[in-house]
Amino acid sequence: LATMAGARVLVVPSECFEGLPLVMVEALACGLPVVASRIGSLEETVVPGSTGLLFEPGNAGDLAAKVRSLLADGPLQQRMRRGTRERYLEAFTPERSLEVLVGLYEELASARVPGARPQASLRVRAVGSPNFISKESLNVAAAKLGMLLTQGVYALPVYDLENSNYI
């Protein structure tokens, strides 16, 4: 992350759909502007002009033009550095991720049919680096979700990254 924080731009030139790459979350956390393909979650994560720029997938000329324009405009880079950090804090911190996850489970729990039996266990696996998902965050998640789900509709094992097992 220290190397990333010293960079001027992160380029994510994906041509195929992918989930949210951790490298993009790391860039946002470091305040690093992102130039990414206009595809899938990349397009949803980058706010053009605020956190980075988007280019057409597979269009090397468009990619080069976006990188050149960003590198040539120091004030724009500074605005984007602030914008990326703000975007990270509003949408991608472990606390915000937990809030969204708990909200989803609350929605599921409230939609339950009284007396319904569980059809299957619901398994949650935390994936990420220790810089973004801490054991403490997982314990908080397990406690909050456990309180929501103890009424018997779902079983919720949580994966402990440190000990490599389900808790």
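**Sheet and core, a quick chat**

Visitor: What stands opposite Val 12 in β2?
Guide: Ala 36 does. Strands here are DSSP E runs of at least two residues, and helices are H or I runs of at least four, numbered from the N terminus. This is a predicted model, where local features need pLDDT of at least 70, side-chain atom pairs count only at pLDDT 80 or more, and totals for chains, interfaces and linings use all residues. Residues are numbered from 1 along each chain as its sequence is written, and side-chain values use heavy atoms, without hydrogens and water.

Visitor: How many bridges join β1 to β2?
Guide: Three, and the two strands run parallel. Strands pair if DSSP finds at least two bridges between them.

Visitor: And what is the strand order in the sheet?
Guide: β1-β2-β3, an open sheet with parallel pairing. β1 and β3 (52-55) are the edge strands, each pairing on one side only.

Visitor: Switching topic. Which residues make up the largest nonpolar core?
Guide: Twelve residues, including Met 4, Val 12, Ala 36, Leu 42 and Leu 54. A core is a set of buried Ala, Val, Leu, Ile, Met, Phe, Trp, Tyr and Cys residues joined through side-chain atoms within 4.5 Å. Buried means under 20% relative accessible area, exposed over 50%, partly exposed in between (1.4 Å probe, protein chains only).

Visitor: Which elements give two or more residues to this core?
Guide: β1 (10-12), α2 (22-30) and β2 (34-37).

Visitor: What is the mean pLDDT?
Guide: 77, on the predictor's per-residue confidence scale from 0 to 100. 64% of residues reach 70 or more.
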